[in-house]
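Student: Could you take me through one part of this model in detail? I would like to look at the salt bridges and what they connect.

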Amino acid sequence: MDQRLLIDYQAFSSLSEMTSEDRELVEAAVDACKDSYSPYSKFRVGAALRLANGVIVKGANQENAAFPSSLCAERTAMFAANVQYNGVPQVSIAIAACGEDGKLIDQPASPCGACRQVMAEYQKLGGRPMSIILHGASVTYKFNKVDDLLPLIFDSI
């Protein structure tokens, strides 16, 4: 029997089309790019995570000469938020990527599989959907829940 997965998302050609709350999160993600430590890939990624209490926690990718020791922007933000605000649900994350010159890349960067799985875990722990905003210079995508980027989520809890 054939089955089909449908992914719901919104596409924005301008930040002015978004809510002020989502714009603020995207702007924080773009700002976080400057905190990236990416001497090897020259690919700067910033993430900004909004918690249920309204606090925004930023993260940036952190590279290491031993590549498996590096960490993505999304996970630095989520892990920092969980340590600083344990038990407060993570409700939305924005991700932006810049080149070596610090300019926003044209198309949005998508989270790696490991980051998607960590998002799924925090979405489940928070007991509510976590929206994901992927921001690029020419388009911004908003997904209302992690499941839209990671269907058939691995769940051991």
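Tutor: Start with Asp35, which is partly exposed because its relative accessibility is 43%. This is a predicted model. The side chain of Asp35 meets that of Lys34 in a salt bridge, at 3.8 Å from N to O. Lys34 has a relative accessible area of 54%, so Lys34 counts as exposed. The pair is part of a network: salt bridges with shared partners join Asp31, Lys34, Asp35 and Lys58.

Asp31 is partly exposed, because its relative accessibility is 32%. Lys58 is partly exposed as well, with a relative accessible area of 36%.

Helix α1 also carries Asp22. The side chain of Asp22 forms a salt bridge with that of Lys142, at 2.7 Å from N to O. Asp22 is in helix α1 and Lys142 in strand β6 (residues 140-143), so the pair links distant parts of the chain, 120 residues apart. Both Asp22 and Lys142 are buried. In total, the model has 6 salt bridges.

Finally, look at the loop between α1 (20-32) and β2 (44-51), where Tyr40 is placed. Tyr40 is partly exposed, because its relative accessibility is 40%. Together with Tyr37 and Phe67, Tyr40 forms a nonpolar surface patch with about 350 Å² of accessible area.

Note on methods
Residues numbered from 1 in each chain as written. Predicted model: local features only at pLDDT ≥ 70, side-chain atom pairs only at ≥ 80, totals over all residues. Heavy atoms only, no water. Patch = residues over 30% accessible without salt bridge, like charges linked within 9 Å, V, L, I, M, F, W, Y side chains within 5 Å. Areas by Shrake-Rupley, 256 points an atom, 1.4 Å probe, with all protein chains shown as cover. Salt bridge = Lys/Arg side-chain N within 4 Å of Asp/Glu carboxyl O. Helix = DSSP H or I, 4+ residues; strand = E, 2+ residues; numbered from the N terminus. Buried < 20%, exposed > 50% of the residue type's maximum accessible area, 1.4 Å probe, protein only.
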